[in-house]
Amino acid sequence: MPAIPQSVRTAGFILLAIMAYFVFSAVFRSPATDTDAAEATLSEPAERAIPEVLVRPAQTAVRPVFVTLKGSTEPDREVTVRSETLGTVTSAGVSEGQAVKAGTLLCGLDVESRAARIAEAEAGVTSARLDYDAARQLEEKGWTTSNNAAAAKAALDRAEAGLSAAKIELGKTSIRAPFDGVFEDRLAERGDFLSMGAACGRVVDLNPIIVAVDATEDQLNLIRRDEAVAVGLSTGQRVEGSIRFISSAASPETRTFRIEIQIPNEDFAIAAGLTATAQIKLGEMPALQTTPASLVLHDDGRVGVRYVDADSIVQFAEVQVIDDASDGIWVTGIQDGLNLLIAGQDYLREGVKVNASLAEGS
């Protein structure tokens, strides 16, 4: 077998040395690298800096609490005026939408036969009175018994009652407005025949005008009768009224309670059926003035603010907006002196430890 040249043996030794170097590097250096990475990962939280935040102590003030309720305007009262006798409409001079006074003629019925009955009844009264006077004089002179005078008096009473009934019947031919208001709907025109109970028209009383709203059972105990109320109408009008009625029974359908607010309306300028928004005072309570930007939305949907407790831990407090003023909003649910986050509250969560510093001017 021929001998291997010296140069080939030298190249083989070099190749083996290189391969051995890479094998030893893979075996002994890889675990060290993994250990260093793990140690760096474990030491990272310890080296992470605690967030720096600014806080401002909450300063509450006593603030009136209002609730906004929506409803609509209604007439104080309304009635459909009906006929109390039979007859043909001969007078219908009042137009729809016209303001009327109590006693204004709305529908006049024919009176011909009723006038004749009155004339007949008046004649009967005159005759009965003459008979009674004669019987009384005869009784005084002793020429007749007292029974004859009593019978004559009874006949006179019947005649006078008949006359009164005839006059009442004649009065029923004039269908008049029962109170001051607006003649809203005409339901019988000239020439229509009205039976007893047939409608002449509808009259509504718009002074005062009523705003009816519904309150929940939680709001009911805080609403007081005669409380002044500011009302905004869909027409842009701003008016004031007072609570005149608070229902004692809830609506079976909505489980809410009817509240009536009366508003002066002497010129009938406010119509019935308008959408209305009433601000009703519920009382006073401590509240905080802040800005809408300071509010945050919790994961469960609650609206509130974040603050830093005595252990420098971020916490959440639910609030309720009670007033929206031009210079900010007023909220309840905040204790006086609570350290509120004024920057970064959107990026921190409850349970995070922070380094809190008081903002300038606090």
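## The second largest pocket

Strand S15 supplies four residues to the lining of the second largest pocket, the largest share. This is a predicted model: local features need pLDDT of at least 70, side-chain atom pairs count only at pLDDT 80 or more, and totals for chains, interfaces and linings use all residues. Residues are numbered from 1 along each chain as its sequence is written, and side-chain values use heavy atoms, leaving out hydrogens and water.

At least two lining residues each come from strand S2 (61–74), helix H4 (217–220), strand S15 (275–290) and strand S19 (320–325). Helices (H or I, at least four residues) and strands (E, at least two) are DSSP runs, numbered from the N terminus. The lining has 14 residues; Val65, Phe66, Leu222, Leu282 and Gln320 lie nearest the pocket centre. Eight lining residues are nonpolar, four polar and two charged. The space in this pocket is about 230 Å³. A pocket here is an open set of points on a 1 Å grid over the protein atoms alone, where a 1.4 Å probe fits, with protein on both sides within 12 Å along at least five of seven lines; lining residues have an atom within 4 Å of a point.

## Aspartate 218

Helix H4 also holds aspartate 218. This residue counts as exposed because its relative accessibility is 63%. The cut-offs are under 20% relative accessible area for buried, over 50% for exposed, and partly exposed in between (1.4 Å probe, protein chains only). Threonine 256 is 38 residues from aspartate 218 in sequence, and their C-alpha atoms are 9.8 Å apart.

## The disulfide

The whole structure has one disulfide. Cysteine 107 and cysteine 200 form it, with an S to S distance of 2.0 Å; the criterion is a pair of cysteine sulfur atoms within 2.5 Å. The pair links distant parts of the chain, 93 residues apart: cysteine 107 is in strand S6 (residues 105–109), cysteine 200 in strand S10 (residues 199–205).

The link of cysteine 107 and cysteine 200 is right-handed, with 85 degrees about the S-S bond. Both cysteines are buried.

## The four-stranded sheet

Strand S6 also belongs to an open sheet of four strands. The order is S7-S6-S4-S9, with antiparallel pairing. Two strands pair if DSSP finds at least two bridges between them. The edge strands, S7 (174–176) and S9 (193–194), each pair on one side only.

Strand S4 (residues 87–91) pairs with S6 over two bridges, in the antiparallel sense. Serine 91 stands opposite glycine 108 in S6.

Note on methods. Grid points are joined across faces, edges and corners, and a volume is the space filled by probe spheres set on the points. Ala, Val, Leu, Ile, Met, Phe, Trp, Tyr, Cys and Pro count as nonpolar, Asp, Glu, Lys and Arg as charged, and the others, Gly among them, as polar.
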